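Subject: Structure handover

Hello,

The structure we spoke about is below. My notes on what was found in it follow after that.

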Amino acid sequence: YSVQIRQGGAWQVLQDWEVASAVRGGDQSNHLRVECLGPQMRFWVNEQPVADVQDSTFASGSVGLLAGAGPTQDSAVVHFDNLRLLVVSE
């Protein structure tokens, strides 16, 4: 996995590519959870924490998911479903 933002047509890496044992390969499903509070972003895969990054580039905006092959793979087939966005107050 990697965490990146896109600004002005360019990608900025917030978390370099990492291999996480929490990520299931093959045709297995993965559950992704992201919590954002101000500049703090925390990421979980299958209920296991994988990344904790801070970035204050955007105060508001859109959410997007992008999936693809890692740097050592030629291709990937990815399906997303059951996307939920929740706004929680402190």
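A residue is called exposed when its relative accessible area is over 50%, buried when it is under 20%, and partly exposed in between. Valine 63 has a relative accessibility of 63%, so it counts as exposed. Please keep in mind throughout that this is a predicted model.

Overall layout

The protein has five strands and zero helices. Read from the N terminus, the order of elements is therefore simply β-β-β-β-β. The C-alpha trace spans about 35 × 30 × 20 Å along its principal axes. Of the 90 residues, 18% count as buried.

Strand β4 covers residues 40-45, and β5 covers 48-54. The two strands pair in the antiparallel sense, with six bridges between them. Together they make a hairpin in which two residues separate the strands. Across the pairing, tryptophan 44 stands opposite proline 49, which belongs to β5.

Asparagine 46 sits in the loop between β4 and β5, and glutamate 47 has its place in that loop too. Asparagine 46 has a phi near 50°, which is positive although the residue is not glycine. Glutamate 47 also has a positive phi, near 70°, and is likewise a residue other than glycine.

Glutamate 47 is at 52%, so it counts as exposed.

As background for reading the strands: in a regular strand the side chains alternate between the two faces of the sheet.

Tryptophan 44 and the aromatic rings

Besides standing opposite proline 49, tryptophan 44 has a charged neighbour: arginine 33 lies over the face of its ring, at 4.4 Å from the ring centre. How many aromatic pairs does the structure hold? The count is zero.

After β5

Glycine 68 has a relative accessible area of 45%, so it is partly exposed; the value falls between the 20% and 50% limits.

Two C-alpha to C-alpha distances were computed for these residues. Valine 63 and alanine 22 are 41 residues apart in sequence and 23 Å apart in space. Glycine 68 and phenylalanine 43 are 25 residues apart in sequence and 18 Å apart in space.

Nonpolar surface patch

Which residues form a nonpolar patch on the surface? They are Leu32, Val34, Val63, Leu65, Val78, Phe80, Leu83 and Leu85. Together these residues have about 800 Å² of accessible area. Membership requires a relative accessible area of over 30%, and valine 63, with its relative accessible area of 63%, is exposed.

In short

The points to look at in the viewer are these:

- the hairpin of β4 and β5, with asparagine 46 in its turn;
- arginine 33 over the face of tryptophan 44;
- the nonpolar surface patch that includes Val63.

Regards

Key:
Residues are numbered from 1 along each chain as its sequence is written. This is a predicted model: local features need pLDDT of at least 70, side-chain atom pairs count only at pLDDT 80 or more; totals for chains, interfaces and linings use all residues. Side-chain values use heavy atoms; hydrogens and water are left out. Patches are made of residues with over 30% relative accessible area and no salt bridge: like charges are joined within 9 Å, nonpolar side chains (Val, Leu, Ile, Met, Phe, Trp, Tyr) within 5 Å. Accessible areas come from the Shrake-Rupley method with a 1.4 Å probe; for residues, only the protein chains shown count as cover. A salt bridge is a side-chain nitrogen of Lys or Arg within 4 Å of a carboxyl oxygen of Asp or Glu. Helices (H or I, at least four residues) and strands (E, at least two) are DSSP runs, numbered from the N terminus. Buried means under 20% relative accessible area, exposed over 50%, partly exposed in between (1.4 Å probe, protein chains only). Rings of Phe, Tyr and Trp (its six-membered ring) pair if their centres lie within 6.5 Å; planes under 30 degrees apart count as stacked, over 60 as edge-to-face and the rest as tilted. A charge sits over a ring if NZ of Lys or CZ of Arg is within 6 Å of the ring centre and within 35 degrees of the ring normal. Two strands pair if DSSP finds at least two bridges between them.
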